[in-house]
Amino acid sequence: MKYVAIINEQRYEIEIDNAGGVLVNGEPRDVDFLNLGGSLFSVITENRSFEAVIDDDEDKIAVMMTGRLFETQVLDERAMLMLQRRGALPVSSGEVHAPMPGLIVDVTTLPGAAVARGDTVIILESMKMQNELKSPADGVVSAVYVEAGQAVDKNDLLVEIKASDAEA
Amino acid sequence: MQTGPFNKILIANRGEIAVRIIRAARDLGIPTVAVYSDVDRTALHVRYADEAVHIGGPRPAESYLRMDKLVEVARRTGADAIHPGYGFLAENAEFAGQVMDEGLVWIGPSPSAIATMGDKQAARTAVKRNNVPLIPGTEPGIRDEELIHAASRIGFPVVIKAVAGGGGKGMRPVQRAEGFAESLATARREAESAFGNGDVYVEKLLIGARHIEFQILADAHGNTIHLGERECSIQRRHQKLVEEAPSVFVDADLRERMGNMSIAAAESVGYVNAGTIECMVDREKNYYFLEMNTRLQVEHPVTELVTGVDLAKEQIRIARGRRMGPTESLLEPKGWAIECRINAEDPYANFMPSTGQISTMILPTGPGVRVDSGVFSGSEITPYYDSLIAKLITWGETRSEAMLRMRRALSEYRIMGLKHNIPFHINLLNSISFIAGQFDTTFVERRFNMNTYEQDPSASELETVAIAATLYAHRKRQLASQVVAPAKRDASNWKWMGRFERMHR
């Protein structure tokens, strides 16, 4: 199987053969990749030993290694083909959900307002902290489903944003 | 009773601090009673205590804040002393009074000391009598126009603080005179909604200031000492994240002067038991009294490691009316200690709290490492309480040794199932400013960023990440295709058919 892994805008062409051998950009690598239970893995590449916590979230694979979070994208041949046709990486959904149960302290945006990725749209109080929930994309707020003072449950949809680059 | 003999302690708290107090009591041979809410049935404090009593629903107001129930449980179980821990009712003078009225021993300072120090203005008035330096500011209860005048007299920048606020809540800095009126209105509104009291006052905002606090210990025999300072400038939104003892900024002379000032502040309210004098220290080493915390602090372990004093045990000893163990103030700390607060917060997403089950937790061990925690693999972090998972504390003969041990411990620590701030601490411990001791209370918010690191990952590390992610995706794909494919039979289809027919005759 051939894959392309993208990390920090760097591309790695990685091939895994039927015997489990690994080639990186055509060169063989001595790799031992072992699951230690749950999302914990031990990786030994060319005798260097690492522990990594790996989780996947939709189309991204999050690798926590050496105390850092690396967000990676791994594409197989089919996904690479799709990507070439569409010409861009998929855009993230424009929905802001409650990450935990809590109380809406403030809604800092309005339907129809233009927002940039990273703008605060909701302030949610939970675990004795006020948390700023941010817009996942540049775009226009298409709907606000909550108001200040309202209690919400985990995963409740709070705000919808129509991403500007999703219209094309 | 403020002090007197007792034989069983009820711990009116939960989490790591309840476990900490149980350990101190057990070391002294005193049995303990834990209390718990619906969601804490499996918590460690419930399992480690000698007795455990269910007191209500998950929300603090239904359980850990129910004064009536706590007193009733003490009566029912024969507990004759109550330790409040920190948070919840620890600084509630009314509760301390109720406990004493019941004839129980309150393991903490007197209700009047709690009340005085809990009211910022009363605290300022009290400590002023003992010549304790205060940050220039106004009294509360002043009208808006006068506050605007006062602010320009003090000189910008200033900070507007809610009279009923605390712990970093209800504070609003104002940089210039222009935005002051608007900020004042917002501050009053916020104070009204958060604390039900819109009264505010104005204080000078210190630039480049450090948050340094002194541990106080006082017994009922008239002895008051300090156990040196803790450096708590590494904070975010006024929530401390890393604490050290001693502070790189404090030399022997400053320690002695600030220590004496702290003792004077505690004596101004006749303080008995363990307490903390929080101070702000500016770049010129001018120091000002900020407030007194009339309880054991979250970060007390760093002091324990550099003094060898078990503060929770001393609290119990003092409450029993005995003389405290240490008799002299600490001028020479033994080595260096650092504490990292491990919180269920995602440093890559603006420190958003994370809830859920801890699927795996592997604790760091080895020389110089201590972990104070109330959770375990399989326990649930709920939205009802704070996000503290554990306190990781390391000790070394020097600051560098303590830091290197902390780096080692952080790299061994594994917590899975929810987001946590260990990557933040690892990044911080690699930051040159932090290593050099050059930071103030604004460091984390202004100069620290999780997207930048002192060192880029090496090419071989990045490649390893790429390989690991690809193998992960590959295995997941294979697993998915196996689920879809028909299960292989371990015998030939002819044999299988024969067995099937015999069974169904």
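**Entry 1: strand β14 of chain B**

I looked up W336(B) and found that it stands opposite G396(B) in β21(B). The two strands, β14(B) and β21 (residues 388–396) of chain B, pair in the antiparallel sense over 8 bridges. A note to myself on terms: two strands pair if DSSP finds at least two bridges between them. Helices (H or I, at least four residues) and strands (E, at least two) are DSSP runs, numbered from the N terminus.

Before going on, I wrote down that this is a predicted model, where local features need pLDDT of at least 70, side-chain atom pairs count only at pLDDT 80 or more, and totals for chains, interfaces and linings use all residues. Residues are numbered from 1 along each chain as its sequence is written, and chains are lettered from A and ligands numbered from 1 in the order in which they are written.

Which strand does β11 (residues 239–245) of chain B join through 4 bridges? I found that β11(B) is joined to β14(B), and the two run antiparallel. Within that pairing, E244(B) stands opposite I338(B) in β14(B). I also noted that strands of a sheet pair through backbone hydrogen bonds, either parallel or antiparallel.

Is β14 (residues 336–343) of chain B mostly covered or mostly open? It is mostly covered, with 8 of its 8 residues buried. Here buried means that 20 or more other C-beta atoms lie within 10 Å of a residue's own, exposed means 12 or fewer, and partly exposed lies in between, with C-beta atoms placed from the backbone. In a regular strand the side chains alternate between the two faces of the sheet. On one side of β14(B) I listed W336(B), I338(B), C340(B) and I342(B), and on the other A337(B), E339(B), R341(B) and N343(B), all of them buried.

**Entry 2: a glance at E412(B)**

I found E412(B) in helix α12 of chain B. E412(B) is partly exposed because 14 other C-beta atoms lie within 10 Å. I then checked C340(B) against E412(B): they are 72 residues apart along the chain, and their C-alpha atoms are separated by 14 Å.

**Entry 3: two helices side by side**

Next I turned to helix α4 (residues 93–101) and helix α5 (residues 111–118) of chain B, which pack at an angle of about 175 degrees with their axes 8 Å apart. Axes are lines fitted to C-alpha atoms, for helices over the stretch in contact, and angles run from 0 to 180 degrees between N-to-C directions. That angle makes α4(B) roughly antiparallel to α5(B); angles under 35 degrees count as roughly parallel, over 145 as roughly antiparallel, 65 to 115 as roughly perpendicular and the rest as oblique.

Which residues make the contact? From α4(B) I noted A93(B), A96(B) and G97(B), and from α5(B) P111(B), I114(B), A115(B) and G118(B). Two residues are in contact if their C-beta atoms, placed from the backbone, lie within 7 Å. By class, the residues of this contact are 5 nonpolar, 2 polar and no charged. For these classes, Ala, Val, Leu, Ile, Met, Phe, Trp, Tyr, Cys and Pro count as nonpolar, Asp, Glu, Lys and Arg as charged, and the others, Gly among them, as polar.

The contact between the chains takes 34 residues from chain B and 48 residues from chain A. Which element of chain B gives the most to its side? That is α16(B), with 15 residues. The side of chain B that touches chain A has 19 nonpolar, 11 polar and 4 charged residues.

**Entry 4: chain A**

The domain assignment of chain A gives domain 1 (2–86) and domain 2 (95–166), with bounds that come from an automatic or database domain assignment. Taken over C-alpha atoms, the centres of the two domains are separated by 33 Å.

I traced an open sheet of 9 strands in chain A, in the order β4-β3-β2-β1-β9-β8-β7-β6-β5, with antiparallel pairing. Its edge strands are β4 (27–29) and β5 (31–35), each pairing on one side only. The twist averages 30 degrees from one strand to the next. Inside chain A, β8 (residues 60–65) and β9 (residues 68–76) pair over 5 bridges in the antiparallel sense, and M64(A) has L69(A) in β9(A) as its bridge partner.
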